[in-house]
Amino acid sequence: MSGPLAASLALNLRATAARTYVRIVGSIREWTWIIGDAVLPNLGMCAFVLLYRTLGAPRSFEALAVFGGILSTYWLNVLWGMGSQFYWEKQQGQLQLYFAAPCSRMAILTGMAIGGILMTTLRSLFGVFMGFVVLGVRVPSFDVGVLALVFTLTMTSLYALGMTLASLFLLYGREAWHLSNALQEPVYFLSGLYFPLRALGALGAAAAGLVPLGLGVDALRQVLMGAHAEGFLPLRAETLILAGFTLAFLVLARAALAYLEGLSKREGRLTQRWQ
Amino acid sequence: MRTLTARLRTAAWLGWQVESNWADPLVFFIYTVLRPLATSLILAAMYWAVGARATRAGLFPAVYLGNAFHVYVTTVVIGMGWVVVEDREEYETLKYVFTSPIGMFSYLTGRASVKLVLATVSLLLTLGVGWFLVHVRWSWSAVAWGPLLATLVLGLAATLALGFLVAGVGLLLPRAAININEGLAVSLYLLCGVIFPIDLLPHGLQELSLLLPFTWWYEGLRRFTFGHGVSARIGALSNVQLLGALLVTTLAFMLLGYRGYSALERRARQAGRLDQTTMF
């Protein structure tokens, strides 16, 4: 590896590690965020599990809702911790520092993603506790290796989408905030977070082609619940599509970031607050 | 009286501008109805997914109705909390409201009135989707209109009262108020049995649930619309007892909202929190 390339790689890796550190430390410092990210989505999950009990649904549906609830914490982190991050930075007057830094913005976003995945995984343990201990959900034995593979692909595709959203939101002001708000429950619905994706039929297929959350949760359910998951596509196909999503969103994020960064600079929006 | 009306109108107009001026009317309309509608569609999809395997599917319309009305809590209560956080932290205009003759109480009431209208639009759309898409229907002649109207008014009064309390807490707390706001909506979703009978809650939480007017509100709305609720525990009570419980808890909330807000605002003034910015 030539000198300048190695130096550039080292610089960006250091930037990624630094942003990961900030994300982890920042998440631990703010106790209300821990409650907001760990406890609240899982309270909603409990309500949906109790709805299945109210309707007298088979117990396997409760497990479906629990896994969806656990995955919802990651989606919230993608929206608010990745997609909207540049909007927050702009509001707080720090965005220009990212652009003044010598490293790539993709390195910073990667750091945010790694830190976000680590901290959200830690917080999702509360959902696991609520599901398995409090609500008494049970799953048959499963292949840990396949689970790890599917989980990793789900996370990489989701956070790559988060990077793309961050690039898009660079241009926006309050619309970014409102868009993140509007993308919560509608995406839960279109991703079949609390019910089998196949219940949505063609609409589910269309949604699965846009947001990796639906296929991710469906694939994880198939690994953990087998036939009870009422899977949408065969597990192998979903795994391949998730890998494709990862690649596509990473390329898209890089292109969108380059284009929108230039556009934001030309239109003078990078430092514009309260718009 | 004329002055008060003018103040409320001005606050409502300002609220409308702040809420909606970031988008054109169509986008704003879609944004307003998207979240509550999606939650209702999640319930509908859960119902479709279970299908014939549900042994108590007949309870679904009552569940759907409770969820539709919960939009008032998420929009008005949480919205009033957000007004304080946004005006103080983001736009840094809260201090000017306090120095203006309008007064914070009138200002919040005006802002809440816009949110009430937006929540009503969401409610009607959600009920429309329920009626046409998932057959959440009721017999118009069987609706107990008088008790239903009383229930509706009391529930909205309780919603506003809680909104003031949440706004008061927002005045005192730093950015943590954001999570308190969001947390309250989800906690009430679980505690008040919006989509399931409170009978399924463990003891302790059930009793806590009965202290909240919203528990009685949702059950009253269901009973006076469909002729039955979803909770066996509340179902054992007569209509008068149910309305009485709603009235008592609502009055308690109104007192708590008024007194609580006043005390919290006073405390925030003393502690110099009215112009704090903590969103760094």
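Residues are numbered from 1 along each chain as its sequence is written, and chains are lettered from A in the order in which they are written. In this predicted model, local features need pLDDT of at least 70 and side-chain atom pairs count only at pLDDT 80 or more, while totals for chains, interfaces and linings use all residues.

**View 1. The helices of chain B.** Chain B contains 11 helices and 0 strands; helices (H or I, at least four residues) and strands (E, at least two) are DSSP runs, numbered from the N terminus. Along the sequence, the pattern reads α-α-α-α-α-α-α-α-α-α-α.

**View 2. The overall dimensions of chain B.** Taken along the principal axes, the box filled by the C-alpha atoms of chain B is roughly 60 × 40 × 40 Å. A compact globule of 280 residues would have a radius of gyration near 19 Å, and the 20 Å of chain B agrees with this. The radius is taken over C-alpha atoms, and the globule rule is 2.2 Å times the number of residues to the power 0.38.

**View 3. The side of chain B that touches chain A.** Here 39 residues of chain B are in contact with 37 residues of chain A; contact requires C-beta atoms, placed from the backbone, within 7 Å. The elements giving two or more residues to this side are α2 (25-50), α3 (60-90) and α7 (176-191) of chain B. Of the elements, α2(B) gives the most, with 13 residues.

Terms used:
Contact = placed C-beta atoms within 7 Å.
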